[in-house]
Amino acid sequence: MLPVIINPELCKKDELCVHECPLSVLVVEGKDQVPTVHPRKASYCINCGHCMAVCPTGAITLTAFEGQEAVPFSKQDMPDPDSIETLVKTRRSVRKFKKKQLSAEKIGELIHIAAYAPSGHNVQPVSWTVLDTPEKIHELGEVIVEWMKEMVDQKHPLAGKLFFSGLVNAWNKGNDAICRNAPAVAIAWAPEQGITPQADAIIATNTLELAAHAKGYGSCWAGYVILAAAYSPKVLDFLGVPEGCMAHGALFLGYPAVNYRNIPPRHKAVAEKVDGKFIFHAKQNAH
């Protein structure tokens with residue numbers, strides 16, 4: 001079956017799809033002809049949808065998404081640049097959440113949005129594990145604390161550098177500085193082998209984070225979860241990450257308990273021209 005189907009009755013024969021296809025899957029045999037799939041390049045199609053996106057008449061469908069059509073939009077549907085800037089600047093790492101459940105269904109909606117994040121060769125290798133109950137979050141914390149104890153006992157350099165003993169003691173006293181008593185967590189994982197699986201998972205996580213902020217949810221990158229997953233097979237097993245895969249991104253999610261009302265400052269990057277190249281440095285805070 002051909003990866004791309006073009007409706008000849010809708011096609012304007014403008015060849016936009018031919019010129020936009022990143023892998024030259026589509027060709028046109030002559031003037032005023034409907035484009036066709038190159039017989040030797042059909043397998044090259046990565047289902048990126050560029051052909052569908054550029055077609056002004058909706059003449060194109062991808063067989064990989066049978067029954068799904070492209071959704072038209074106009075410039076009026078796009079947020080203005082100031083709105084995007086405000087969205088980015090008002091994003092905060094939320095560490096205090098309301099005791100209100102954020103369901104896996106709502107997180108699933110965010111995951112679907114994150115599926116539009118770029119990935120190497122459009123492989124879209126990212127899968128997600130979602131925990132959406134306090135009980136499961138606590139179990140995750142227990143598994144991570146167990147790993148931290150092992151690292152402390154082994155006198156691993158990481159344990160001292162990141163104060164694992166203090167975190168374990170705090171946990172034992174009922175202070176969850178690991179999972180922040182978050183209502184939910186979403187962990188992005190992908191096969192260890194691939195084109196750019198680590199970058200793909202991180203980009204998808206960042207996309208989900210911004211989508212969550214836009215919907216009024218709070219999020220915080222779950223650094224200890226990802227760190228523990230990198231060292232502990234038990235953590236990966238608890239998260240349901242199969243062998244041969246690795247977790248690369250994780251977000252605690254929930255409804256923020258604090259209302260942020262102001263945008264704090266950031267140092268502007270300073271440009272330096274070196275050998276004809278512009279190098280931008282973000283000025284660091286003095287220590």
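Tutor: Helices (H or I, at least four residues) and strands (E, at least two) are DSSP runs, numbered from the N terminus. By that rule there are 10 helices and 10 strands in the protein chain. This is a predicted model, where local features need pLDDT of at least 70 and side-chain atom pairs count only at pLDDT 80 or more, while totals for chains, interfaces and linings use all residues. Residues are numbered from 1 along each chain as its sequence is written, and side-chain values use heavy atoms, with hydrogens and water left out.

Student: Let's take His248 in strand S8 (residues 245-254). Why is His248 called buried?

Tutor: Buried means under 20% relative accessible area, exposed over 50%, and partly exposed in between (1.4 Å probe, protein chains only). His248 has a relative accessible area of 18%, so it is buried.

Student: What is His248 in contact with, leaving aside its neighbours within four places in sequence?

Tutor: Contact means heavy atoms within 4.5 Å. His248 has such contacts with Ala188, Pro197, Gln198, Ala201, Ile202 and Ile226.

Student: On to the rings. How many aromatic pairs are there?

Tutor: Rings of Phe, Tyr and Trp (its six-membered ring) pair if their centres lie within 6.5 Å; planes under 30 degrees apart count as stacked, over 60 as edge-to-face and the rest as tilted. The count comes to 3 aromatic pairs.

Student: What makes the pair of Trp147 and Tyr231 tilted?

Tutor: Their ring centres are 5.9 Å apart and their planes stand at 35 degrees, so the pair is tilted. This pair links distant parts of the chain, with Trp147 in helix H5 (residues 134-153) and Tyr231 in helix H9 (residues 223-231), 84 residues apart.

Student: Are Trp147 and Tyr231 buried or partly exposed?

Tutor: Trp147 is at 3% relative accessible area, so it is buried. Tyr231 is at 42%, so it is partly exposed.

Student: And why is the pair of Tyr217 and Tyr255 called edge-to-face?

Tutor: Here the centres are 5.6 Å apart and the planes at 85 degrees, so the pair is edge-to-face. Tyr217, with a relative accessible area of 10%, is therefore buried, and Tyr255, with 16%, is therefore buried as well.

Student: What sits over the ring of Tyr255?

Tutor: A charge sits over a ring if NZ of Lys or CZ of Arg is within 6 Å of the ring centre and within 35 degrees of the ring normal. The charged end of Lys100 sits over the ring of Tyr255, 4.3 Å from its centre.
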